[in-house]
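Dear colleague,

Please find the structure below, together with its sequence.

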Amino acid sequence: MSKPITPKEITTLTQAYDARYDLISKTFFSDEAQGDNRSSWYSLEDLRKFLDDAEKQAGTLEPKYKMDGVRLYLGAHPTDGETPGYTTLLMVPTGLPIASLDAEEQINENKKPSPDIQGLDGLDFGNQGSPPDSNYPQ
């Protein structure tokens, strides 16, 4: 099971990303007043709805799946006119087919991340940082 990390660990991890962030911002956002987006914010309501909907949707696939987690992907929106294509964080449901085995048992025995459930909706369009180039904490 994943364990929470401390604010100090969060600071260490976000600062370790600084060199990559600077490279991306200098390469792709040199004409912008600020750099790329550094975070995505999602409301609890949106997260709960996404998780509930994804679990229901997983049970309607053929074969049916047992959703056991979410994988996060970094992505970027396409540039749209004057709006730059900021980095975003995408959430994709993961799980295992129920068909020929007890997925719950395999999930518990597996102890490793399951694959993405292909064909299910993901979650995007969280609110960006304010301003987008703000680091932790905001």
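Of the 138 residues in the chain, 26% count as buried, where buried means under 20% relative accessible area, exposed over 50%, and partly exposed in between, with a 1.4 Å probe and protein chains only. Please note that this is a predicted model, in which local features need pLDDT of at least 70 and side-chain atom pairs count only at pLDDT 80 or more, while totals for chains, interfaces and linings use all residues. Residues are numbered from 1 along each chain as its sequence is written, and side-chain values use heavy atoms, with hydrogens and water left out.

Overall form

The chain contains four helices and four strands; these are DSSP runs numbered from the N terminus, with helices being H or I of at least four residues and strands E of at least two. Along the sequence, they follow the pattern α-α-β-α-β-β-α-β. The chain is more spread out than a compact globule, because its radius of gyration is 18 Å, well over the 14 Å that the globule rule gives for 138 residues. Here the radius is taken over C-alpha atoms, and the rule is 2.2 Å times the number of residues to the power 0.38. Along the principal axes, the C-alpha atoms fill a box of roughly 55 × 35 × 25 Å.

The accessible surface of the chain is about 9800 Å², and 54% of that belongs to carbon and sulfur atoms. These areas come from the Shrake-Rupley method with a 1.4 Å probe; for residues, only the protein chains shown count as cover. Contact means heavy atoms within 4.5 Å. Among contacts between residues at least 6 apart in sequence, 63% join residues at least 24 apart.

The nonpolar core

The largest nonpolar core has 10 residues: Tyr42, Phe50, Ala54, Ala58, Leu61, Met67, Met91, Ile117, Leu120 and Leu123. Such a core is a set of buried Ala, Val, Leu, Ile, Met, Phe, Trp, Tyr and Cys residues joined through side-chain atoms within 4.5 Å. Helix 3 (residues 44–58) supplies the largest share of this core, with three residues.

Met91, one of the core residues, is found in strand 3 (residues 87–97) and is buried, at a relative accessible area of 10%. Setting aside neighbours within four places in sequence, Met91 is in contact with Tyr42, Leu47, Phe50, Val70, Arg71, Leu72, Gly122 and Leu123. Met91 and Phe50 are 41 residues apart along the chain, and their C-alpha atoms are separated by 9.2 Å.

Ile117 also belongs to this core. With neighbours within four places again left out, Ile117 is in contact with Ala58, Leu61, Tyr65, Met67, Pro93, Thr94 and Gly95.

Loops and the end of the chain

A cis peptide bond joins Glu62 and Pro63, with omega at about 5°. In general, most peptide bonds are trans. Pro63 is found in the loop between helix 3 and strand 2 (65–76).

Ser43 lies in the loop between strand 1 (40–41) and helix 3. Ser43 is buried, with a relative accessible area of 17%. Its C-alpha atom is separated by 8.2 Å from that of Gly126, 83 residues away along the chain.

Pro115 is placed in the loop between helix 4 (103–110) and strand 4, and is partly exposed at 45% relative accessible area. Not counting residues up to four places away in sequence, Pro115 touches Arg71, Thr94, Gly95 and Leu96.

Gln138 lies in the segment after strand 4 (127–128) and counts as exposed, at 58% relative accessibility. Gln138 touches Ser39, Gly129 and Ser130, not counting residues up to four places away in sequence. Gln138 and Glu45 are 93 residues apart in sequence and 21 Å apart in space, C-alpha to C-alpha.

Yours sincerely
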